[in-house]
Protein chains: 2
Amino acid sequence: MKKPLSDPEESATDEAARAAWLYYVGGLTQDQIATELGVSRQRAQRLVSKAMTEGLIHVRLEHRIAGCLALEAELKRRFDLKTVRVAPRLGEGADPTHAIAPVAASVMERFLRQPEPQTIALGTGRALRAMVEELPKINCEHHKLVSLIGNISPDGTASNYDVIMRAADKLNARHYPMPLPVLLDDPEIRRSFYALPQLKIVALLAAEADVTFVGVGQMTESAPLYVDGFISAEDLREERALGAVGEIASWCFDSEGRYLESRLSRRVGGLRPGGREGAHTIGIAAGPEKVTPLRAALKGRLLNGLVTSEETVEALLA
Amino acid sequence: MKKPLSDPEESATDEAARAAWLYYVGGLTQDQIATELGVSRQRAQRLVSKAMTEGLIHVRLEHRIAGCLALEAELKRRFDLKTVRVAPRLGEGADPTHAIAPVAASVMERFLRQPEPQTIALGTGRALRAMVEELPKINCEHHKLVSLIGNISPDGTASNYDVIMRAADKLNARHYPMPLPVLLDDPEIRRSFYALPQLKIVALLAAEADVTFVGVGQMTESAPLYVDGFISAEDLREERALGAVGEIASWCFDSEGRYLESRLSRRVGGLRPGGREGAHTIGIAAGPEKVTPLRAALKGRLLNGLVTSEETVEALLA
DNA sequence: AAAGAATCCGGGCAATTGCTCGGTATGTGG
DNA sequence: CCACATACCGAGCAATTGCCCGGATTCTTT
């Protein structure tokens, strides 16, 4: 009735995958899985759960909800955008980042599926990190991933949200991280960094990118830049005094969506999102605190694409 | 706390999609969904279940199990195949067709994702039908779907397993069904059908197909051709006497994988799978009763690709 | 080798889910 | 307008699942 596993040395992940397959595809109960695999019911449940947390299971909804489609169309029209995707609302207290991640991943996937080599520029932040987490494994050796922003934190650790590395790992793509601190206080050092040949290559690629994905940060007290310790309370105050309401890849902009020239902007280690003529620049952001910065960024045409959540669009259009 | 649906006229499917989104992506409980949507818990459960049965939810396993990969490699080597995918075993009593369907769909998806126009030929049968059912919605207006086999049953109804129509519907692709009975007893009528210009177009396309997907039928008492009433017990006996062990798109072959010339073969309304030089011809079949026909088909190189199940490969290689 | 830490395992329980059943609204044909 | 058929709906119950806990096992460290 039951078969002992032919290979006793099957890895734990394999076993989890097998359990998940039986559960989600086969529709077996955990008890049946346990019998099938010759383990206890509890172990079966742990395997299924493990498969889930390890991201082995991807769930996709085939149906676009009419209400969201309408919002997409309206947003596209209002701000003259090329790409818009709106994720249906999740519960009241839910993290909006979580809601948009799978949708953002599917948008990125469309570019990744292109057989023509694409250059894809990436910012950082929780939203992008979540998006990458939702990506399936695809072989993209013909594409290039470029980072827009330095990956060295003030505390010296290499990664804040190491978006590029994770993505490159999943996609098996060439990747060009930016070997640069996020902020460089000394203009002299900054200049010398920028003079590095590797950096010039990255800058060149980013300027030719076919598509750029960026998060959008607010500049309130909960500003990600500040909360994560990249800028000081002083910096934050200063930028706000200049009218900053949001930032993209650490570049602050005002309520009209104009990038600011400031003490901070002269310290940023990174590149402004741009890309070649006609390229996509897609913002990934959702949540009440993103409404003001998003509205500004859209008004100033810093973005021509957006992935966000139902609640956020409603607020944006209100 | 709860919001009434902004649009009271949201369709039932939309509501189901919303419930499923909350359940699978948001991880809410059915009670929470009920509150969120302002319906009873039972309705929430029905919506989620409906989303599932309507195929709005697609589950995909990101991890290829080592054991299956090994089997694929071995099968590929043994029969010199271009494409092999092995689905992990489901429970003892499970329908193997169900197990291979999602895997087959992902193989087909790879062709569908090609931006170059593809001509895809399709046979019929339960396995293909299940595969199509698992396809996601993709826009494939640049591809062409061609049927290899007549779609008019002996009882006059238009569809046995109307694979092409379903596929074309999901993919929005040009499709060329074969307006032909599955079997034509009168040679005269057969000739005149084949002379139809529409049919010549279909034949031309099939002969140039980039990839062909076919089921593989056994020729035992449980032969699909017989069970579904396309051939008589008499026909079956006759073919078996000639050595038939299996059939592909109604074309019987013997244990060496050679197509048979017979009374039946002269009545078949359809085309042999072929396609252009170097094209893919992929069999979709699993289950103990398919082992013998599959072994023959592979030996005779009637196929150069296969999607099947773990148990089936083990039997094939034994 | 022994102590300690960490992990793993299965029992048991509470929450969640799937499903059946009887009742009610809706609609349809006479 | 009534009778009948159909679909929908909520209550209640049994099965399934998620998770906590004490005990066992393995690995590390001294």
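Mentor: Let us start at the surface near DNA strand D, where H3(B) gives the largest share, four residues. Here "near" means that a heavy atom of the residue lies within 4 Å of the strand, and helices (H or I, at least four residues) and strands (E, at least two) are DSSP runs numbered from the N terminus. Before going on, keep in mind that this is a predicted model: local features need pLDDT of at least 70, side-chain atom pairs count only at pLDDT 80 or more, and totals for chains, interfaces and linings use all residues. Residues are numbered from 1 along each chain as its sequence is written, chains are lettered from A and ligands numbered from 1 in the order in which they are written, and side-chain values use heavy atoms, with hydrogens and water left out.

Around DNA strand D, chain A places Tyr23(A), Thr29(A), Gln30(A), Arg41(A), Gln45(A) and Arg46(A), while chain B places Ser40(B), Arg41(B), Gln42(B), Arg43(B) and Arg46(B). By residue type, the surface splits into one nonpolar, five polar and five charged residues. In that count, Ala, Val, Leu, Ile, Met, Phe, Trp, Tyr, Cys and Pro are nonpolar, Asp, Glu, Lys and Arg are charged, and the others, Gly among them, are polar.

Now zoom in on the polar contacts, that is, pairs of N or O atoms within 3.5 Å; within protein, one must be able to donate a hydrogen and the other to accept it, and residues adjacent in sequence count only if both atoms are side-chain atoms. Ser40(B) brings a polar side-chain atom to 2.6 Å from a phosphate oxygen of DNA strand D. Arg43(B) also has a polar side-chain atom by a phosphate oxygen, at 3.3 Å. Arg46(B) meets a base instead: a side-chain N or O atom lies 2.7 Å from a base oxygen of DNA strand D. The elements that supply two or more residues to this surface are H3 of chain A together with H3 of chain B.

Turn next to DNA strand C. Sugar and phosphate account for 49% of the DNA strand C atoms within 4 Å of the protein. On this side, H3(A) gives the most, with four residues, and helix H3 (41–53) of chain A and helix H3 (41–53) of chain B each supply at least two. A polar side-chain atom of Ser40(A) is 2.6 Å from a phosphate oxygen, and a side-chain N or O atom of Arg43(A) is 3.2 Å from a phosphate oxygen. Gln42(A) reaches a base: a side-chain N or O atom is 2.8 Å from a base nitrogen of DNA strand C.

Chain A superposes on chain B by a rotation of 180° with 0.0 Å of shift along its axis (RMSD 0.1 Å), using least squares on the C-alpha atoms of residues with pLDDT of at least 70 in both copies. The two copies are therefore related as by a two-fold rotation axis. In chain A, the residue closest to this axis is Val59(A), at 2.3 Å from its C-alpha.

Finally, look inside the protein. The largest nonpolar core has 105 residues, of which Met108(A), Leu171(A), Phe213(A) and Ile284(A) touch the most other members. Such a core is a set of buried Ala, Val, Leu, Ile, Met, Phe, Trp, Tyr and Cys residues joined through side-chain atoms within 4.5 Å; buried means under 20% relative accessible area, exposed over 50%, and partly exposed in between (1.4 Å probe, protein chains only). Helix H5 (residues 96–112) of chain A gives the most to this core, with nine residues. Beyond four places in sequence, Met108(A) is in contact (heavy atoms within 4.5 Å) with residues including Ile120(A), Leu171(A) and Phe213(A). A second, separate core of 104 residues includes Ile164(B), Ala223(B), Cys252(B) and Leu298(B).
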